[in-house]
Amino acid sequence: MAHFVVHYSYGPADQQAAHRGEHREYLGTLLDQGHLLASGPYTDDGAEGALLIFSAETADDVESLLAKDPMVVHGVVTAHEVRAWNPVLGSVG
């Protein structure tokens with residue numbers, strides 16, 4: 001298994017709030033299944049978004065999981081980027 005990081009860019013806060021419950025429930029199932037290692041929103045003054053860390057065979061596998069995220073399905077995620085990541089120090093998850 002490889003590690004992948006995902007950067008989400010979000011649309012308006014009201015749209016985020018409308019789908020946050022479904023989104024977190026879905027991410028919880030991915031966490032339980034071992035696909036998602038960690039996730040959370042950015043809390044600084046930058047653009048609305050989040051970072052997600054996955055364990056998967058390929059970036060395409062991650063894309064397939066993201067396609068089912070309610071925030072993606074409902075168009076709240078305005079852009080995302082999947083990148084292969086090699087954690088050299090420390091641990092995640």
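Predicted model: local features only at pLDDT ≥ 70, side-chain atom pairs only at ≥ 80, totals over all residues.
A contact here means heavy atoms within 4.5 Å.

**Exercise 1.** Find what covers the buried residues of α1.

Solution. Start with the buried positions: in α1 they are Q16, H19, H23, Y26, L27 and L30. An α-helix has 3.6 residues a turn, so residues three or four places apart point the same way. Next, look for the elements in contact with these positions. The cover includes the strands β1 (2–10), β2 (36–41) and β3 (49–56), together with the helices α2 (59–66) and α3 (70–73).

**Exercise 2.** Decide whether Q16 is buried or exposed, and list which residues it touches.

Solution. First place the residue: Q16 belongs to helix α1. Then apply the cut-off, under which buried means under 20% relative accessible area. Q16 has 4% relative accessibility and therefore counts as buried. Finally, leave out residues up to four places away in sequence; the contacts of Q16 are then Y10, G11, E48, M71 and V76.

**Exercise 3.** Check the span of helix α1 against what its 20 residues should give.

Solution. Helix α1 covers residues 13–32. The expected span is 1.5 Å times one less than the number of residues, so at 1.5 Å a residue α1 should span 28 Å. The C-alpha atoms at its ends are 27 Å apart, which agrees. Then inspect the axis: α1 bends by about 55° at H19. H19 is also one of the buried residues of the helix. Past the end of the helix, G34 has a positive phi of about 90°.

**Exercise 4.** Work out which strands are joined to β1, and in which direction they run.

Solution. Take β3 to begin with: 8 bridges link it to β1, and the two run antiparallel. In this pairing, A50 of β3 is opposite Y8. Now take β4, residues 77–85: it is joined to β1 by 8 bridges, again antiparallel. Here V5 has R83 of β4 as its bridge partner.

**Exercise 5.** Describe the largest pocket: its volume, the residues closest to its centre, and the element that gives the most to its lining.

Solution. The volume of the largest pocket is about 240 Å³. Its lining has 19 residues, of which Y10, R24, G40, P41 and A50 are the closest to the centre. Sorting the lining by element, β1, α1, β2 and β3 each give two or more residues. The most come from α1, with 5 residues.

Conventions
Residues numbered from 1 in each chain as written. Heavy atoms only, no water. Helix = DSSP H or I, 4+ residues; strand = E, 2+ residues; numbered from the N terminus. Bend = angle between axes of the 7 residues up to and from the residue. Buried < 20%, exposed > 50% of the residue type's maximum accessible area, 1.4 Å probe, protein only. Pairing = 2+ DSSP bridges. 1 Å grid on protein atoms, 1.4 Å probe; cavity = no way out; pocket = protein on both sides within 12 Å on 5 of 7 lines; lining within 4 Å. Points joined across faces, edges and corners; volume = space filled by probe spheres on them.
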